[in-house]
Every structure is written in C-alpha cells, then in structure tokens.
Amino acid sequence: MNKIRIFLAAFIAVAFIFTSCEEDQRIVGKFENGALITNEGGWGATNASVSFLNYTTNAIEDNIYTHTNGRPLGDVLQSAYISNDKIFLVLNGSSKVEVANISDITEVGTIEGINSPRYLTVANGNAYITQWGDGGKVKVANTTSFAITNTISVGKGPEGIIQTNGLIWVANGGGLTVDSTISVINPTSNEVIKTIKLGNHNPKKLVVDKNGDIWALCYGYIKYKPDYSIEKETPSGLVKISSTTKEVLKSFTISDNQHPMQLEISKNGQTLYFGGGFGYTGIYAVDIAATALPTTPLINASFYSFNVNPANDDLYCLEAISFTSAGKLKKYSSAGQLIEDYTVGIGPNGAIFQ
C-alpha cells in the first residue's frame with residue numbers, strides 16, 4: 001500500500017511539473033498570435049503605448065508594455081519593427097528605441113544616443129535607424145549589445161527605411177524643410193553608394209513590389225506663412241525605382257494640394273495602397289502595372305494611418321480622434337468592406353503583424 005501511495009505521489013508531482021511547463025509555454029507566446037497597434041500618445045505626456053489584437057479571441061488588450069514591465073514606455077511611439085524574436089519600439093519624443101521580446105513584450109534593452117528617431121530596419125545584425133535630429137542621419141546599432149556603432153549622413157529629415165536586394169534604402173522626407181532624394185546604403189561598408197534624385201519632393205514611405213522594384217510615396221512640400229496659411233506647395237506623387245539600376249522608372253502625380261502619408265503593398269506585391277494623414281480623404285488601390293492612378297478610393301474615409309496585413313490583405317485603418325483620448329482601429333477587407341472596429345490607445349499610428 002505504501003508503495004502505491006509513493007507511486008501516486010510521484011505521478012502527481014510529475015504531472016504537475018509538465019502541466020506547469022505547458023502553462024509557461026502558453027504564457028510566453030501570448031502576444032504572438034495577433035496584431036500589435038502602436039499608439040503615439042500625447043506629445044510630452046509620456047503615455048505612448050502598445051495595444052494587442054488577439055486573433056483567437058478578437059479582443060483588444062491595451063497598454064501591454066507598461067502592464068508587462070511595470071513602467072511607462074515613453075513619449076511618442078513613432079513606429080515599430082519586428083526582427084527574429086525581438087520588437088524594436090521607436091520613441092521619437094524620448095529619443096530612444098525600446099527593445100522587447102516579441103513573445104511576451106518583456107524588455108531586453110534600450111538603444112540610446114539617437115535624436116528624434118523615426119523608423120528602422122535590421123540587416124546583418126544591425127538596426128538602421130532614421131532620425132531627424134543632428135541633421136540627416138541614420139544611426140547604426142548592434143541588435144545584441146544595443147550600442148551605437150556608426151552614423152551615416154543621408155538627406156534631410158530621413159523617414160521610411162527598408163532593406164532589399166542586399167542594400168538599405170532611405171526616404172529623405174525633408175523634415176520641416178524639403179528634400180527629393182533616396183539614399184542607398186551598403187550595409188557591409190555602411191556607406192552611401194547612391195543618392196537617387198526623384199524629381200518629387202519629400203519621399204516618406206518605401207515598399208518593394210513583386211518584381212523587386214522600389215516604390216516611394218512623396219508627400220510634396222508645403223511652405224507656411226507665419227499665420228500658418230499656405231504660401232507654397234508642391235504635388236504629392238508615387239515614384240517607381242529600379243532596385244538594380246537605381247534609376248527612376250516612372251512617376252505619377254497624386255494631387256497638387258492633397259498630401260497622403262502612407263504607402264503599403266499587397267501580399268503578392270501586385271497592388272499598391274496609398275492614403276492616410278491629416279487632411280487627406282481616401283485609401284486608394286492601384287496595380288503596379290497601371291498607367292494612371294485611380295480616381296475612386298477603395299475606402300472613402302479619412303484615417304491617420306493604415307497598414308495591410310500580409311497574411312490576408314485586410315486593411316487596418318487607424319483613427320487618432322485626439323491625442324488625449326482613445327483612438328480607433330477599423331479593419332477592412334481587401335475589397336474595402338468594413339469588417340469590425342475596435343477601441344485602442346491614444347493616437348494610433350500603425351499595426352505590426354506576426
């Protein structure tokens with residue numbers, strides 16, 4: 001009888017250990033099956049946050065970074081980027097990048113020594129971070145030690161940054177002034193090997209199509225008078241660039257006086273989506289082989305920003321109703337039909353998909 005009792009006790013103990021391990025594994029991956037929403041928060045309020053849309057439960061969990069790590073994330077979450085098992089959270093107002101494990105959003109390090117960062121990409125074990133401060137610069141940081149290892153001079157107000165065809169491409173968005181170039185960086189030497197003149201002003205975002213060509217969304221330039229009325233503005237546009245020759249292949253004018261901020265591409269690399277930004281109405285879809293831009297929007301509404309889910313081409317459209325109260329996420333199908341809307345954090349500006 002005693003032997004039976006000892007056996008049962010041992011069996012229960014082993015079962016408990018395995019059950020605990022399984023529960024730990026479930027907890028570790030709790031933020032992997034869903035979309036992460038980046039919320040800017042209010043300028044100077046240190047209330048930037050990340051919301052999580054769980055694909056299984058279809059529910060939103062807000063402020064997951066603070067709840068997980070017991071401290072504020074920082075000021076103005078401009079963007080985020082996932083590489084391997086880490087998420088890089090770019091905080092423009094706090095002049096830093098917080099790095100966390102993507103599975104459970106536990107902090108693992110901070111990249112400092114940057115000034116007004118905007119966006120980043122990762123190549124060869126390094127993070128390439130665009131920043132507005134200190135002139136046009138890209139900061140290079142090691143993704144293991146998080147130390148700054150290099151600084152690369154580019155154009156004015158660098159914004160969107162991508163890697164493709166073994167190179168880093170930087171959209172020089174002009175900042176508060178004007179630029180019309182893309183800088184191409186060799187990540188082996190960390191030198192600019194080509195500066196591409198677009199002819200259109202202030203490129204903001206870059207995507208790669210199915211043929212490997214680069215598309216740039218150019219915001220255009222607006223010069224304001226002291227009373228904030230417009231003194232001068234140049235058109236917004238789309239520009240196609242060869243990733244091999246690094247030459248402009250074609251360009252389109254979007255509008256003489258309307259200025260979209262966001263550019264995305266479908267999962268098959270065939271359809272471009274542009275729109276978003278204050279004062280701009282509509283999200284438009286255009287085939288990469290088109291000879292003219294559409295005049296009718298796919299979604300006839302105004303959004304602060306939007307992103308396309310690469311798994312199914314759903315559009316995640318973000319409304320920053322104010323920068324003191326909760327914003328909205330509205331999910332649309334690729335046909336432009338509203339699927340559902342959700343309440344998220346303050347000033348939502350992007351969705352990151354896993």
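I168 counts as buried because its relative accessibility is 0%, where the cut-off for burial is under 20% relative accessible area. The model is a predicted one, and in it I168 belongs to strand β13, which covers residues 167-172.

Leaving aside residues up to four places away in sequence, I168 touches T121, A123 and Y128, then I161, I162 and Q163, and also S183, V184, I185 and P187. I152 is placed 16 residues from I168 along the chain, and the C-alpha atoms of I168 and I152 are separated by 12 Å.

## The chain as a whole

The protein chain contains two helices and 30 strands. Along its principal axes, the C-alpha trace of the protein chain spans about 90 × 45 × 45 Å.

Of the 354 residues of the protein chain, 53% count as buried. The accessible surface of the protein chain comes to about 15,700 Å², and carbon and sulfur atoms hold 51% of that area. Among contacts in the protein chain with a separation of 6 or more, 43% are between residues 24 or more positions apart.

Four strands form an open sheet in the order β3-β2-β1-β30, with antiparallel pairing. The edge strands are β3 (60-61) and β30 (348-353), each of which pairs on one side only.

Strand β1 (residues 34-39) runs antiparallel to strand β2 (residues 49-54), and six bridges join these two strands. Within this pairing, A35 has L53 of β2 as its bridge partner, while N39 has S49 of β2 as its bridge partner. Strand β1 also runs antiparallel to β30, with five bridges joining them; here the bridge partner of L36 is I352 in β30. Strand β1 is mostly covered, with six of its six residues buried.

Strand β6 (residues 96-101) is mostly covered, as five of its six residues are buried. Strand β5 (residues 86-91) is joined to β6 by six bridges, and the two strands run antiparallel. In this pairing, L89 stands opposite E98 of β6. The hairpin of β5 and β6 has four residues between the strands, and S95 in that hairpin takes a positive phi near 50°.

Strand β6 also pairs with strand β7 (residues 107-111), in the antiparallel sense and over four bridges. V99 stands opposite G109 of β7. The hairpin of β6 and β7 has five residues between the strands, and I105 takes a positive phi near 60° there.

## Two buried loop residues

D213 lies in the loop between β16 (203-208) and β17 (214-218). With a relative accessible area of 12%, D213 is buried, since burial requires a value under 20%. Residues up to four places away in sequence apart, D213 touches V207 and V208, K240, I241, S242 and S243, and L249.

L293 is found in the loop between β24 (281-287) and β25 (299-302). The relative accessibility of L293 is 18%, and L293 therefore counts as buried. Not counting residues up to four places away in sequence, L293 touches L238, F252, T253, I254, F274 and V286. Y228 is 65 residues from L293 in sequence, and the two are 30 Å apart in space, C-alpha to C-alpha.

Methods
Residues numbered from 1 in each chain as written. Predicted model: local features only at pLDDT ≥ 70, side-chain atom pairs only at ≥ 80, totals over all residues. Heavy atoms only, no water. Buried < 20%, exposed > 50% of the residue type's maximum accessible area, 1.4 Å probe, protein only. Contact = heavy atoms within 4.5 Å. Areas by Shrake-Rupley, 256 points an atom, 1.4 Å probe, with all protein chains shown as cover. Pairing = 2+ DSSP bridges.
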